[in-house]
Amino acid sequence: MGVRRAIEVEGATGELSAYVPRDVDSDPYGVRAAIAAAATAGGLVLLVGDSSVGKTRCAVEAVRALLPDWWLLQPVDAGEVRELVRGMVPDARVVVWLDELQRYLGGQQGLTAGTVRALLQGPGQVVLIGTLWPEYYAAYTAFGRGDQDAHEGAVVNLARVVHVGAELTEAERDRARQLAADDPRIRAALQVSDYGFTQTMAAAPQLVAQWRDANNPYAAAVLNAALDAERLIAGDESLCFGLGSSLRGNAHRPLSASLLREAAPSYCHDRDRARAPRNWFETALADATRILHGAAAALAPVAAPGQSMGEIDGYVPADYLVQYVGRIRAGQLGTATLWNALATRLTDADDLSSLALTAELRGLHRQAATLYKCAIEAGAPGASRRLWSFLRGHGYGTVQAAEWIAGHTPVIDSYDLPLIIEELPESAGRVLAERATDHVDVTDPQAAARVLRGLISVGGTTRAEALAERVVHDADPIQPSAVAALLDALHQMRAHTQARALADRAAQHVDLTDAVGVHHLLGAMNQIGAQAQVPKLAARPELVSPGAIAHLLKALSTTGTSVEMQTLADRAAHHAVHAIPGTSHLLDVMVSVGATLQARVLADRAAHDINLAHVEVKQGECLWKSINETGTEASTKLLADRIARDIDLVGMRGVSRLLRLFHDAGLEAPVHILAGRIARHGDLNTPRHLDVIAWAMDEMGEMKSSHSAKGLDKGAIAVHSREITDAELSPIAVLLDTLHHVGETAHLRVLAERTAHHVDLTETIGSLVKALQRTGVTTQARALADRAVNHIDIASPRTVYALLNALHQIGFATQLQALLDRQIDRYVDTADQYGARALVDLLRKVGAENPAQVLTDRIEPFVAYPDKPAAARPDKFPHGQEPDGTPSAAWTWNDLL
């Protein structure tokens, strides 16, 4: 299940030590509370923390305690999760174990939010439990990812997230000391000071020692080759926003022995290569895979599913080493031999696509083109478009390259297929479009639509007309978005008769529970002039989805009769099911079309009956606003009370805005209830979410625009200005300001006390100290500052900068000096040059000239290369660079064939 064996020490028995209960076990918003809630209503629980901090053991113990008689399924890949959706039965109770969740995300076949929802909403009871590193969590939930980059984030955003700290708290250490009397492994781990307790239990010190101090140079070479390969395949997610992170296949296959044998010599000194014995690789592999301290191996052999006993599919480096070494070697490119081995030995399409993207971002032009080519040959459809864009952008887009792409692109259905057909030169695009026509599944309206659009873009009229005749009768009319896409394609080619025939079939059979799909379908019907189908859709008795009703009401208001519209509004008022956000949208639409009385009936019904379990704060806010505008005063107050008591506070996004909303409406009781819940139980360690900034900016804009109408003073707007600055780092800082603003002083002190003693010491620490100080809880501000200056990670220049800047701004001179006394200038990591240089400037600003100079001397001369070399230095690297940093020789597409 992913739990690592504990270290071996004299007197220890069994594979695992006694379990040291963690604080997050019993926290009201911790692991067991989240799993218990998911067991009742279904849900995804995600434990986030560094490697070897005890995430998986924590989850295992929770399942043993809470769900001992449930079935447990550990899928091999996302495909098995999709199979489970189809195979669930009503009485089943299943825990789906997704340890290292990133292995199931990304790539063409990665897990999607739709699959997770289908599993949770299907028959039976399902709890999904996953674990994730903070680096992945930050990348998946970052603001500004494009539509094609957001699949991973959509899955993660469905989860109840619990953060597991890297260090034991004092209470956890007390529990460990009590268990140590009977467990020699716990006793030994408590005596280690250089590593955390959980890392020591998982043999992390031994893993690092084997990497740093390997006596066998060949074992060291094999291990370094494996670690670099792992890092390069996974790539740097922070560089690929907007470049299609769907190319990243995080669940990559183990590294083959042949790949490691070919790559390892380039990590050896010339002397060692010359002295290598005949069996150098076998002895190196034996050394690298040796289990350390009985707990873990630096390189672990892995068998493929279904393989016989003793058959090894490949090797996987220990994830603690991957994370540890990855942070040290970030930005290093590996060796040319490694890249050649990866290109020739990797076989997985997602691995090849991901590595190609890494090569492109690092300016390795020839390697990028080679790897994209290999990915296409391995069956990755998205790689074709990326390859052509790359070749064309760098002057390699020849006719021969286009023809090769047209002849080799996989013609399975994909989002990219019509786009690459359109982007290729016309002759090559026509070849690809005709290949796709011969293989398209005519029962799939989405796939048929993509091929039709491709044919239209290259003038393949005859083939398009023939395909249109086939799909109008054979296409499955159930999925509304897919039907809408096909109607749009038929409209583009002016196949009006076929489009209307398909619209007629869809009106009788399309799934009306998919509100977004119904919206798309109505737009397509309007475009082809099939408005007569709208009343047929509205009259279907199974129409109860509030979102779908809203879209149909809006359509009837322009195309139907008033009687048809009023009939549907009456049905909605009494029979529409309650769902968020569909009910909010339906209420707004009912008011806009004049169905005010029906809207009031629905609003009062929803205020009493709507299920608020697992509802996000933002959705609850939208619902309350809609009911406040349409329902009775009693319903408005009732819903506010219910939201304050029952709304899901996981993530805490939007809680501040909801508190202010209730406060401005004069609803003191809900404000008090919600403030108490968030102060006592809110997640202190919610990571950065830039959408918090989005709503803070939106609210400030609203306040400024209505300043004179509402009589809001400049001080209130200033509070919001500060919140925008702090929200970038900490939602807790926003909440502290909000509790102060709404007058919940007692709850402010409760949250302040928890923050001072329990919040994680990350980059957010500066904004938190300032927020505590400005909201009047100075004692807690000083307590947090004292804890931070003694315990923050002084290797992180950004964390040090945030704290030092805050201490300087609020005048905490004693704590500022204590931080300087930790010799941050000598220990801060200078690999982050932007952070280190900013820290130098701040040190000078606070008068610490000597530390500033010491740190300046440690920082390497800044070079923009190799992060985005092609853009930064096209004059010096017109053909890209080689892994050793030298300019590549001129090359052409034909050189890769």
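Helices and strands are taken here as DSSP runs numbered from the N terminus, helices having at least four residues and strands at least two. In the predicted model, Q102 is placed in the loop that joins β3 (93–98) to α5 (113–121). Because its relative accessibility is 7%, Q102 counts as buried, the cut-off being under 20%.

At the level of the whole chain, 50 helices and 9 strands are assigned. Of its 897 residues, 53% count as buried. Among contacts with a separation of 6 or more, 73% are between residues 24 or more positions apart.

Nonpolar side chains tend to be buried together in soluble globular proteins. In the present model, the largest nonpolar core comprises 203 residues, and L391 and L487 are those with the most contacts inside it. Helix α12 (residues 217–234) contributes the largest share of this core, with 9 residues. When residues up to four places away in sequence are not counted, L391 touches A369, Y396, G397, A401, I405, W891 and W893. Another core, of 41 residues, lies apart from the largest one; L44, V96, Y320 and V322 are among its members.

Conventions. Residues are numbered from 1 along each chain as its sequence is written. This is a predicted model: local features need pLDDT of at least 70, side-chain atom pairs count only at pLDDT 80 or more; totals for chains, interfaces and linings use all residues. Side-chain values use heavy atoms; hydrogens and water are left out. A nonpolar core is a set of buried Ala, Val, Leu, Ile, Met, Phe, Trp, Tyr and Cys residues joined through side-chain atoms within 4.5 Å. Buried means under 20% relative accessible area, exposed over 50%, partly exposed in between (1.4 Å probe, protein chains only). Contact means heavy atoms within 4.5 Å.
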